[in-house]
Amino acid sequence: AEMKGFNVIQYMYKIIFALGGMWWLHMRGKVKMIEQIEDGIETFPSALHKLFSGGHIGKMLVNVKNATISPEEQKVKSA
């Protein structure tokens, strides 16, 4: 087994060219940003598993703001 890597700091002088190139490709529609959004805090464990097992494409997000709230939780919040 062999493991190879590189240090990003070694290539910092190329970051301007890389960002410019990515911006140009994005503006031409060649690069698309894909997000996978899971709804509700209860989906966090499965989302975390997908994140580390490769079960997602693009960004993995968990939306907790618009999750459904039970009537009991609404009563607690309003009290």
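Student: Which residues make the nonpolar surface patch of this protein?

Tutor: The patch is made by Phe-6, Val-8, Ile-9, Tyr-11, Met-12, Tyr-13, Ile-15, Ile-16 and Leu-19, and covers about 1000 Å². Keep in mind that this is a predicted model.

Student: What makes Ile-16 an exposed residue?

Tutor: Set the value against the cut-off. Exposed means over 50% relative accessible area, and Ile-16 has 62%, so Ile-16 is called exposed. You will find Ile-16 in helix α1.

Student: Which element has the highest mean pLDDT, and which has the lowest?

Tutor: Helix α1 has the highest mean, 93, while helix α3 (residues 71-78) has the lowest, 62. Over the protein the average is 84, and 82% of the residues score at least 70.

Student: Why is Thr-43 called buried?

Tutor: Buried means under 20% relative accessible area. Thr-43 has 16%, which is under that limit, so Thr-43 counts as buried. Thr-43 lies in the loop between β1 (35-39) and α2 (44-53). Leaving aside residues up to four places away in sequence, Thr-43 touches Glu-38 and Val-62.

Student: What share of the residues counts as buried?

Tutor: Of the 79 residues, 8% count as buried. The protein exposes about 7400 Å², and carbon and sulfur atoms supply 65% of that area.

Student: Why is the pair Glu-38 and Lys-50 called a salt bridge?

Tutor: The rule asks for a side-chain nitrogen of Lys or Arg within 4 Å of a carboxyl oxygen of Asp or Glu. The closest N and O atoms of Glu-38 and Lys-50 are 3.2 Å apart, so the pair meets the rule. This pair links distant parts of the chain: Glu-38 is in strand β1 and Lys-50 in helix α2, 12 residues apart.

Student: Are Glu-38 and Lys-50 buried, partly exposed or exposed, and how do you know?

Tutor: Glu-38 has a relative accessible area of 13%, under the 20% limit, so Glu-38 is buried. Lys-50 has 24%, which falls between 20% and 50%, so Lys-50 is partly exposed.

Student: What makes Lys-59 and Glu-35 a salt bridge?

Tutor: Their closest N and O atoms are 3.9 Å apart, and the limit is 4 Å, so the pair counts. Lys-59 sits in strand β2 (residues 59-63) and Glu-35 in strand β1, 24 residues apart, so this pair too links distant parts of the chain. Lys-59 has 45% relative accessibility and Glu-35 has 43%; both values lie between 20% and 50%, so each residue is partly exposed.

Student: How many salt bridges are there by this rule?

Tutor: The count comes to three. One of them joins Lys-4 and Glu-2, with the closest N and O atoms 3.5 Å apart. Both Lys-4 and Glu-2 are exposed.

Note on methods:
Residues are numbered from 1 along each chain as its sequence is written. This is a predicted model: local features need pLDDT of at least 70, side-chain atom pairs count only at pLDDT 80 or more; totals for chains, interfaces and linings use all residues. Side-chain values use heavy atoms; hydrogens and water are left out. pLDDT is the predictor's confidence in each residue, from 0 to 100. Helices (H or I, at least four residues) and strands (E, at least two) are DSSP runs, numbered from the N terminus. Patches are made of residues with over 30% relative accessible area and no salt bridge: like charges are joined within 9 Å, nonpolar side chains (Val, Leu, Ile, Met, Phe, Trp, Tyr) within 5 Å. Accessible areas come from the Shrake-Rupley method with a 1.4 Å probe; for residues, only the protein chains shown count as cover. Buried means under 20% relative accessible area, exposed over 50%, partly exposed in between (1.4 Å probe, protein chains only). Contact means heavy atoms within 4.5 Å.
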